[in-house]
Amino acid sequence: MMTVYLCQDTITGIYSALYDAWLEKRAGEAKIALHGNMEPELFCEYSEVEEKQKKAKAIESLIRKYLGENAYEDIYRALLADDPEKANAVFMTMQEARRIKDSRRIMEHLDHPAVAKVFALSRRVANEAHYFIEFVRFRELKNGILFSEIAPKSQVLTCIGDHFANRFPLENFLIYDKTHRVFLLHEARKHWYLVWGKNLDEESICEISEQETEYEKLWKCFFHTIAVEERKNPVCQRSHLPLRFRTDMLEFDK
């Protein structure tokens, strides 16, 4: 009978499900499903996964050891994607890796549907993270913290955290992913970290410093002044700056 492992849509939750499925059904019939993204099936037994850091670290080590660092990076990014089948695709990829001679070359086997899906999801997340590295905009609040709000499809905060920490090592900044309700916090001279389960203080983020207000006015004035009306090309502009990224960019905040 098919066993379906149910887990939360987090890296720790999915890794814990991979751990249980690999331990119990690595050569048998099993699936991994995300809570809130599954349809009940007949002739299946369901197993609720207990989320544990110990399990997550064990499966992470296993992937890195037997599939290699490049495959691990592809798998990690794929699990950040907005796709209900991502966890099961990773599990099937791991199963396929057991059947080939060199498991470290698993991501070259794109003729396998699960491997192809993991590869495609990884590339999708990497591309979206690259967009946000370019399009994230910060405002300086009255308390001196730099704040940005984004609405990504994938959970890209861990993909962009190092970039902004290296770019602003002496700044206290906060990036809020309003799609997944997660905060990326960086304290000056320290490493960034993620925070879940907290609500955004709408009043605080509206309290902008006087210097920030002045710079916003100057930037918008410059932005409109250099534009040549006769050479405007909205189609070309959308190809470089998709509409969905503009809602959180200061240039388009009227």
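Biologist: Which residue in strand 7 is the bridge partner of Phe173?

Modeller: This is a predicted model, where local features need pLDDT of at least 70, side-chain atom pairs count only at pLDDT 80 or more, and totals for chains, interfaces and linings use all residues. Residues are numbered from 1 along each chain as its sequence is written, and side-chain values use heavy atoms, without hydrogens and water. Strand 6 (residues 173-177) and strand 7 (residues 182-186) run antiparallel, joined by five bridges; strands are DSSP E runs of at least two residues, helices H or I runs of at least four, numbered from the N terminus. In strand 7, Phe173 has as its bridge partner His186.

Biologist: Which strands stand at the edges of the five-stranded sheet?

Modeller: This open sheet has mixed pairing and the order 4-5-6-7-8 (strands pair if DSSP finds at least two bridges between them). The two edge strands each have a single partner strand, so one side of each is left without a neighbour in the sheet. They are strand 4 (139-140) and strand 8 (193-196).

Biologist: How many nonpolar residues are in the contact of helix 1 with helix 4?

Modeller: Helix 1 (residues 11-25) and helix 4 (residues 86-99) pack at about 40°, with axes 10 Å apart. Contact (heavy atoms within 4.5 Å) involves Ile14, Leu18, Ala21, Trp22 and Lys25 of helix 1, and Lys86, Ala87, Val90, Phe91, Met94, Gln95 and Arg98 of helix 4. By class, three of the contact residues are charged and one is polar (Asp, Glu, Lys and Arg count as charged; Ala, Val, Leu, Ile, Met, Phe, Trp, Tyr, Cys and Pro as nonpolar; the others, Gly among them, as polar). The nonpolar residues number eight.

Biologist: How far apart are the end C-alpha atoms of residues 86-251?

Modeller: An unreviewed UniProt entry annotates this stretch as "domain: DUF4130". Here the chain is 46% helix and 13% strand. The distance between its end C-alpha atoms is 35 Å.

Key: Axes are lines fitted to C-alpha atoms, for helices over the stretch in contact, and angles run from 0 to 180 degrees between N-to-C directions. UniProt positions are given in the numbering used here, feature names are shortened, and annotations may be inferred rather than shown by experiment.
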